[in-house]
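Let's walk through this structure together, from the overall fold down to a few individual residues. Keep the 3D view open as you read.

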Amino acid sequence: MLVATWKAAWLKGANAAWANTKPLNNPFETERERAAWEAGRKWAEQNPNRRADRPPRFAHPLRRAADATLSAAAPLVGRR
């Protein structure tokens, strides 16, 4: 239970930093939760929000040009 509580407070701190709302007031009363929230806020100020919406990525930049045109319903005749 302690880990789940700490993680929830840390995530709220990170989300507060990413939301860019001022002032950043720590909403927790217990010392453990306040410390977790502060740790999440500090971490988020140095790291981008990787959960933000972004365009989909293909597997890798060196895929064959023909891969995108192959149909899943195409017959596999002559392919090995």
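Let's begin at one polar atom of the side chain of Asn26: the backbone oxygen of Arg34 lies 3.0 Å from it. The Asn26 side chain also reaches the backbone nitrogen of Phe28, at 3.2 Å. Both are polar contacts, meaning a pair of N or O atoms within 3.5 Å; within protein, one must be able to donate a hydrogen and the other to accept it, and residues adjacent in sequence count only if both atoms are side-chain atoms.

A word on what you are looking at: this is a predicted model, in which local features need pLDDT of at least 70 and side-chain atom pairs count only at pLDDT 80 or more, while totals for chains, interfaces and linings use all residues. Residues are numbered from 1 along each chain as its sequence is written, and side-chain values use heavy atoms, with hydrogens and water left out.

Where does Asn26 sit in the chain? Asn26 is found in the loop between α1 (2-19) and α2 (31-46). The chain has two helices and zero strands; helices (H or I, at least four residues) and strands (E, at least two) are DSSP runs, numbered from the N terminus. Asn26 counts as buried because its relative accessible area is 18%, where buried means under 20% relative accessible area, exposed over 50% and partly exposed in between (1.4 Å probe, protein chains only). Beyond its neighbours within four places in sequence, Asn26 is in contact with Arg34, Trp37 and Glu38, contact being heavy atoms within 4.5 Å.

Trp37 lies in helix α2 and, at 3% relative accessibility, is buried. Setting aside neighbours within four places in sequence, Trp37 is in contact with Ala9, Trp10, Lys12, Gly13, Ala16, Leu24, Asn25, Asn26, Pro27 and Phe28. For Trp37 and Ala16, which are 21 residues apart along the chain, the C-alpha atoms are separated by 9.1 Å.

Now step back to the two helices. Two packed helices are described by the angle between their axes and the distance between the axes. Here α1 and α2 pack at an angle of about 40 degrees, with their axes 7 Å apart. Axes are lines fitted to C-alpha atoms, for helices over the stretch in contact, and angles run from 0 to 180 degrees between N-to-C directions. The helices α1 and α2 are therefore oblique to each other, since angles under 35 degrees count as roughly parallel, over 145 as roughly antiparallel, 65 to 115 as roughly perpendicular and the rest as oblique.

Which residues make this contact? From α1 they include Leu2, Trp6, Ala9, Gly13 and Ala17, and from α2 they include Arg32, Ala36, Trp37, Gly40 and Arg41. Sorted by class, the contact of α1 with α2 has 13 nonpolar, three polar and five charged residues. In this sorting, Ala, Val, Leu, Ile, Met, Phe, Trp, Tyr, Cys and Pro count as nonpolar, Asp, Glu, Lys and Arg as charged, and the others, Gly among them, as polar.

Two arginines of α2 are worth a look. Is Arg32 buried or exposed? Arg32, which lies in helix α2, is exposed because its relative accessible area is 59%. Arg32 touches Leu2 and Trp6, not counting residues up to four places away in sequence. Arg41, also placed in helix α2, is buried, with a relative accessible area of 14%. Leaving aside neighbours within four places in sequence, Arg41 is in contact with Gly13, Ala14, Ala17 and Leu24.

Finally, for the whole chain, buried residues make up 15% of the 80 residues.
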